[in-house]
Amino acid sequence: MKSGKLFEDALKKAGIDLHPGDELKVKVKKKGKHLELVVDNSNLSSFEYEILERSSRVESPVKLYRPNVSTGERLRALRKAAGLSLSALATRTGVSKGSLGSIENDERSAGLTVLKRIAEALKIDISVLVN
Amino acid sequence: MQPWSVFLVSEAEDELEEAPPQIKRKFDQWVVLVQGYGPWLKGGWRTEALQGTLKGFYSIRLNRQWRVIFEVRPVRNIIVIRIVAHDYKSTSRR
């Protein structure tokens with residue numbers, strides 16, 4: 001085990017959580033024969049501190065986010081991000097331009113086969129298309 | 001292709017709840033795109049890698065004022081740490 005890793009483990013055992021930018025000061029008290037470790041994070045702005053602090057305890061309360069976006073809106077956004085026009089997507093999927101337009105405007109729902117073809121054309125997972 | 005997953009820390013959830021509706025919409029749109037194509041999007045989406053003490057974090061602009069600070073974790077996971085409006089009034093001009 002490397003000494004850096006050992007030191008890190010020792011700090012963890014002592015309950016000292018270090019973040020990038022923190023300064024660690026070591027004070028040696030001769031009489032009591034013990035070390036005093038002081039973490040100085042005063043050089044961080046409150047913005048930086050908040051981000052680093054939240055990130056450090058990410059393991060526990062994180063929730064998977066499911067955006068409230070309809071299939072039509074998803075399809076439009078993903079198609080535009082892929083740089084495809086409605087006609088180009090129609091050619092790639094074999095689904096008519098009108099049908100794709102109706103799906104994008106949420107005027108009609110798409111079947112599994114159509115969604116599968118669209119996902120393949122956009123090179124994405126089919127689950128991204130459905131809410 | 002395996003989709004990306006977007007997670008929110010509890011504080012970011014609260015921040016999103018309090019954000020204006022157009023920001024929520026824009027955030028949802030960003031999440032959909034990220035699920036499909038990952039965090040490094042082309043086009044009008046500006047994904048910026050943060051520097052200095054915040055190295056390893058990324059920022060995306062939802063509009064001129066609002067930005068999302070996130071982290072990329074292994075196996076296609078994105079952790080949204082902050083959804084924040086930049087206070088331009090408090091920043092002094094050079």
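The questions below cover confidence, the sheet, the helix packing and the interface of this predicted model.

Me: What ipTM does the predictor give the complex?
Reply: The model is predicted, so scores come up first. The predictor gives a pTM of 0.76. For the complex, the ipTM is 0.80.

Me: Which element of chain B has the highest confidence?
Reply: Chain B averages a pLDDT of 86, and 93% of the residues score at least 70. Confidence in chain B is lowest in S5(B), at a mean of 87. It is highest, at 93, in H2(B).

Me: Do S1(B) and S5(B) run parallel or antiparallel?
Reply: Strands of a sheet can pair either way, through backbone hydrogen bonds. Here 4 bridges join S1(B) to S5(B). One residue pair is B:Ser5 with its bridge partner B:Asn77 in S5(B). The two strands run parallel.

Me: How many bridges join S4(B) to S5(B)?
Reply: These strands run antiparallel. They form a hairpin with 3 residues between them, and B:Val75 in the turn has a positive phi of about 55°. B:Arg73 stands opposite B:Asn77 in S5(B). The number of bridges joining S4(B) to S5(B) is 8.

Me: Which residue in S4(B) is the bridge partner of B:Ile60?
Reply: Strand S3 (residues 57–61) of chain B is joined to S4(B) by 5 bridges, in antiparallel fashion. The two strands form a hairpin with 4 residues between them. B:Tyr58 stands opposite B:Phe70 in S4(B). For B:Ile60, the partner is B:Val68.

Me: Which residue in S3(B) is the bridge partner of B:Thr47?
Reply: S2(B) and S3(B) run antiparallel. They are joined by 3 bridges. The partner of B:Thr47 is B:Ile60.

Me: Which residue in S1(B) does A:Lys63 stand opposite?
Reply: Strand S3 (residues 62–64) of chain A pairs with S1(B). The pairing is antiparallel, over 3 bridges. A:Lys63 stands opposite B:Leu8.

Me: Which element of chain B supplies the largest share of the side that touches chain A?
Reply: In total, 30 residues of chain B are in contact with 26 residues of chain A. Strand S1 (5–9), helix H1 (10–18), helix H2 (21–37), strand S4 (66–73) and strand S5 (77–85) of chain B each supply at least two residues of that side. By class, the side has 16 nonpolar, 8 polar and 6 charged residues. The largest share, 8 residues, comes from H2(B).

Me: Why are H3(A) and H2(B) described as oblique to each other?
Reply: A:Arg74, A:Ala77, A:Leu78 and A:Ala81 in H3(A) meet B:Gln29, B:Val32, B:Leu33, B:Gly36 and B:Tyr37 in H2(B). By class, this contact has 6 nonpolar, 2 polar and 1 charged residues. The crossing is right-handed. Helix H3 (residues 71–81) of chain A packs against H2(B) with axes 10 Å apart, and the pair is therefore oblique at an angle of about 60°.

Me: At what angle do H4(A) and H5(A) pack?
Reply: H4(A) passes H5(A) in a right-handed crossing. The contact is made by A:Leu86, A:Ser87, A:Leu89 and A:Ala90 of H4(A) and A:Lys97, A:Leu100 and A:Gly101 of H5(A). Helix H4 (residues 86–93) and helix H5 (residues 97–104) of chain A have their axes 9 Å apart. The helices are roughly perpendicular to each other, at an angle of about 115°.

How values were computed
Residues numbered from 1 in each chain as written. Chains lettered and ligands numbered in written order. Predicted model: local features only at pLDDT ≥ 70, side-chain atom pairs only at ≥ 80, totals over all residues. Contact = placed C-beta atoms within 7 Å. Nonpolar A, V, L, I, M, F, W, Y, C, P; charged D, E, K, R; others polar. Pairing = 2+ DSSP bridges. Axes fitted to C-alpha atoms, helices over the stretch in contact; angles between N-to-C directions. Parallel < 35°, antiparallel > 145°, perpendicular 65-115°, else oblique. Left-handed = near helix turned anticlockwise from the far one by under 90°. pLDDT = per-residue confidence, 0-100.
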